[in-house]
Each structure stands twice: as structure tokens, then as C-alpha cells.
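Let's take a walk through this protein together, one contact at a time. Keep the model open beside you and find each residue as we get to it.

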Amino acid sequence: MKIGDLVKPTHDSPLLGVVVRVFMHKLWETDKLGKRVDWDRVEEEPFAEVLWNGKGMYIKIPQRALEVVREV
């Protein structure tokens, strides 16, 4: 995944977006890891900042939750 790619969420959604930034980031998932945060227990993973159509907002999301529709 790279800047300019057209993406959509991996779950059933009509949203499309354009990747404006790719970066590494840690994510604490309380449903899997519990409420007590310990950043040493998680590794950084690839994220993307996406500008979504119809929403006019940027959202930072793990790349594993996105599907590339069209590459640049």
C-alpha cells in the first residue's frame, strides 16, 4: 500500500478513500489484550491515513483493515 492508492475497508462498506500517508504505529486492542496497556507487549504495524469519500475526513487505520481497489 502506498500514497495515492484507492482503498476500501475490508468489511462490507460503500466507502472509498485515498491513502495520503503510510506509517508504522502501535495499536492496543483491548478486546484481545485487556484493559491494562503495556506497550512493550505490542509491535508496530503498518497503518495508513485515508481521506474518505463523502466524509471529508482523514482517518488513521491499520492497513490490515483495508483492501486496495486501485494502485497508482
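S3 and S4 run antiparallel to each other, paired over 5 bridges. Two strands count as a pair here if DSSP finds at least two bridges between them. The strands themselves are DSSP runs (E, at least two residues), helices are runs too (H or I, at least four residues), and both are numbered from the N terminus. Look for Leu51 and you'll find its bridge partner, Tyr58, in S4. The two strands make a hairpin with 5 residues between them, and Gly54 in that turn has a positive phi of about 75°.

Before going further, a word on what you're looking at: this is a predicted model, in which local features need pLDDT of at least 70, side-chain atom pairs count only at pLDDT 80 or more, and totals for chains, interfaces and linings use all residues. Residues are numbered from 1 along each chain as its sequence is written, and side-chain values use heavy atoms, with hydrogens and water left out.

Now look at the other partner of S3. S2 and S3 also pair in the antiparallel sense, over 8 bridges, and Met24 stands opposite Pro46 in S3. How covered is S3? Of its 8 residues, 6 are buried. Buried means a relative accessible area under 20%, exposed means over 50%, and partly exposed is in between (1.4 Å probe, protein chains only).

Time for some rings. The structure holds 2 aromatic pairs. Phe23 and Phe47 make a tilted one, 5.8 Å centre to centre with 35° between the planes. Phe23 sits in S2 and Phe47 in S3, so this pair ties together parts that are 24 residues apart in sequence. Both of these Phe residues are buried. Trp28 and Trp39 form an edge-to-face pair, with 6.1 Å between centres and 75° between planes. This one links distant parts of the chain: Trp28 is in the loop between S2 and helix H1, Trp39 is in the loop between H1 and S3, and they are 11 residues apart. Trp28 is buried at 10% relative accessible area, while Trp39 is partly exposed at 42%. As for the rule, rings of Phe, Tyr and Trp (its six-membered ring) pair if their centres lie within 6.5 Å; planes under 30 degrees apart count as stacked, over 60 as edge-to-face, and the rest as tilted.

Go back to Phe23 for a moment. What lies over its face? Arg21 does, at 4.0 Å from the ring centre. To count, NZ of Lys or CZ of Arg must be within 6 Å of the ring centre and within 35 degrees of the ring normal.

Side chains of opposite charge can pair when their charged atoms come close. The side chains of Glu49 and Arg21 meet in a salt bridge at 2.9 Å, N to O. That links Glu49 in S3 with Arg21 in S2, 28 residues apart. Glu49 is buried, with a relative accessible area of 14%, whereas Arg21 is partly exposed at 34%. A salt bridge here is a side-chain nitrogen of Lys or Arg within 4 Å of a carboxyl oxygen of Asp or Glu, and by this rule the count comes to 6. Another one joins Lys32 and Glu29, with their closest N and O atoms 3.8 Å apart. Glu29, Lys32, Glu45 and Arg64 are linked in a network of salt bridges.

Let's finish at Asp5, in the segment before strand S1. The side chain of Asp5 reaches the backbone nitrogen of Val72 at 3.1 Å. The backbone nitrogen of Lys2 lies 3.0 Å from a polar atom of the Asp5 side chain, and the side chains of Asp5 and Lys2 meet in a salt bridge too (3.7 Å, N to O).

Terms used. A polar contact is a pair of N or O atoms within 3.5 Å; within protein, one must be able to donate a hydrogen and the other to accept it, and residues adjacent in sequence count only if both atoms are side-chain atoms.
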